[in-house]
Amino acid sequence: MMNRKRKYRYLILAFLALDLMLMGWLGYRLLDRKIPDQILVDHENSREVAGLLERPFVSFVDAITVSGKDSYTLHCRVFGVIPFKDVKVKHTTAKEVYVSGDAVGIYMQTKGVLIIDTGEILSESGETEEPARDIVKPGDYIVAFDQNRIQCKQDLMEDLAALDGDSVMLKVRRGKETIPLSLTPVKDKEGKYKLGIWVRDDTQGIGTLTYVDEDGRFGALGHGISDVDTGELLSIADGNLYDAQILGIRKGEKGNPGELSGLIRYDADNILGEISENSKNGIFGIMDAWRMKNLDLKKIPIGYKQDLKTGPASILCCTDGEVKEYAAEITRIDMNHEDSNKSFVIRITDKELLEKTGGIVQGMSGSPVLQNGKLFGAVTHVFVQDSTGGYGIFIENMTGNA
């Protein structure tokens, strides 16, 4: 009987210890997301930095470690004793940009031809074959066919038309490596040789322009463009930003995100700028000064993440041909989210926008987020089960990629 009681006691103590460990880990994670690893501070408007990061049970030591020009490190401790993390503080000059909110058309060509999948071929003998299976992978980019350079799908089609049954050597870019792969084509029922691969070489869509800086560098979307089939971030060779006309809105509802639909005229006169980068934090490029005159731009200062507060905010977006400012609310801020374009949660509160769109819809990615007259970030995602809310990215993460 005593042994059984002792076992129960040990079991309860073990569960208690596990609960304490779990609570400690969750507390650490929560605190880690409240205190950033790095902050930017204006030279002219810098305040007591520790005051910007003040949290219960957390203190900062007086001595600092100089880590470079105009930067230093703050050592953070819990209860004034337990080392927690180091925060890098970088001084910078206050920056202003031209905030937008205009709907834009996006067209990008991939760097090489993207393989999205392999497929089966019904051969001349009536058998089903899949010559590319386990050789190429979805997400590979074809950059050469035998000795011929491949830049677009048309190049590949011309080489495929000349197949004669002999094996061919493809050069594909896989991650950071370029590797040779040998494929043997299969003759189908119509007597044509095929490799059994599905490919894509471009992408297009509608998004929102976030900002243009003094030098004409622009940022849009707040997240990168990934292939719909592979889910991989597209590696681009070039692309253009176009003026877009919104024609309709599919209203968002629970379980079914809405969408802006529009018209993009892919001609030279309608180009706003050249896209040079597709990164996880948005698409970036250069816009000519004379093209900026066609946009609804307003010059405002950038706000840094430690100054963003939960509470009232606003977004700029275009749903009917005109950029308007709509009321919103910041409900949660995460200083160190693993995914930089999910750094805060924003909820639409404006009755007019809710009536039009149901909240955030596809095509609004990149809509500038404002608070207290400053640009703090951009809308990036909508919640599938609640279209009134979604995620946003800090503007300093976007401008750091431009």
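Guide: Buried residues make up 45% of the 402 residues in this protein. The model is a predicted one. Its secondary structure comes to 6 helices and 28 strands. Of the contacts with a separation of 6 or more, 66% are between residues 24 or more positions apart.

Now the interior. In soluble globular proteins, nonpolar side chains tend to be buried together. The largest nonpolar core here has 41 residues. Ile-315, Ile-330, Phe-344, Ile-346 and Leu-375 touch the most other members. Several elements give two or more residues to this core, among them strand 23 (311-318), strand 24 (323-333) and strand 25 (344-348).

Leaving aside neighbours within four places in sequence, Ile-346 is in contact with Ile-315, Ala-328, Glu-329 and Ile-330, among others. Its contacts also include Ile-360, Val-369 and Val-379. Thr-388, Gly-389, Gly-390 and Tyr-391 are on the list as well. A second, separate core has 21 residues, including Val-104, Met-108, Leu-221 and Ile-275.

Next, the cysteines. The structure holds 0 disulfides. Cys-317 is in none, and the nearest cysteine sulfur, that of Cys-318, is 7.7 Å away. Why is no disulfide counted for Cys-317? A disulfide needs sulfur atoms within 2.5 Å, and the nearest cysteine sulfur to that of Cys-317 is 7.7 Å away. Cys-317 is buried, at 1% relative accessible area. Cys-318 is buried as well, at 10%.

Follow the chain to the loop between strand 23 and strand 24, where Asp-320 lies. Asp-320 forms a salt bridge with Lys-356, the closest N and O atoms being 3.0 Å apart. Lys-356 lies in helix 5 (residues 351-357), so the pair ties together parts that are 36 residues apart in sequence. Both partners are partly exposed: Lys-356 has a relative accessible area of 24%, and Asp-320 is at 40%. The pair belongs to a network of salt bridges that links Asp-320, Lys-324, Glu-352 and Lys-356.

The whole structure has 14 salt bridges. Two others are worth a stop. Asp-229 and Arg-200 meet at 2.8 Å, N to O. Asp-229 is in the loop between strand 17 (217-220) and strand 18 (236-250), and Arg-200 is in strand 16 (residues 197-212), so this bridge ties together parts 29 residues apart in sequence. Arg-200 counts as partly exposed, at 23%. Glu-214 and Lys-299 meet at 2.5 Å, N to O. Glu-214 is in the loop between strand 16 and strand 17, Lys-299 in strand 22 (residues 298-301), and 85 residues separate them. Glu-214 is partly exposed at 48%, and so is Lys-299 at 37%.

End with the surface. Tyr-8, Leu-11, Phe-15, Leu-18 and Met-21 form a nonpolar patch there, with about 570 Å² of accessible area together. Met-21 sits in helix 1 (residues 2-34). Met-21 is exposed, with a relative accessible area of 58%. Ile-121, in strand 8 (residues 121-122), is buried, at 6%.

Key: Residues are numbered from 1 along each chain as its sequence is written. This is a predicted model: local features need pLDDT of at least 70, side-chain atom pairs count only at pLDDT 80 or more; totals for chains, interfaces and linings use all residues. Side-chain values use heavy atoms; hydrogens and water are left out. Helices (H or I, at least four residues) and strands (E, at least two) are DSSP runs, numbered from the N terminus. Buried means under 20% relative accessible area, exposed over 50%, partly exposed in between (1.4 Å probe, protein chains only). Contact means heavy atoms within 4.5 Å. Patches are made of residues with over 30% relative accessible area and no salt bridge: like charges are joined within 9 Å, nonpolar side chains (Val, Leu, Ile, Met, Phe, Trp, Tyr) within 5 Å. Accessible areas come from the Shrake-Rupley method with a 1.4 Å probe; for residues, only the protein chains shown count as cover. A salt bridge is a side-chain nitrogen of Lys or Arg within 4 Å of a carboxyl oxygen of Asp or Glu. A nonpolar core is a set of buried Ala, Val, Leu, Ile, Met, Phe, Trp, Tyr and Cys residues joined through side-chain atoms within 4.5 Å.
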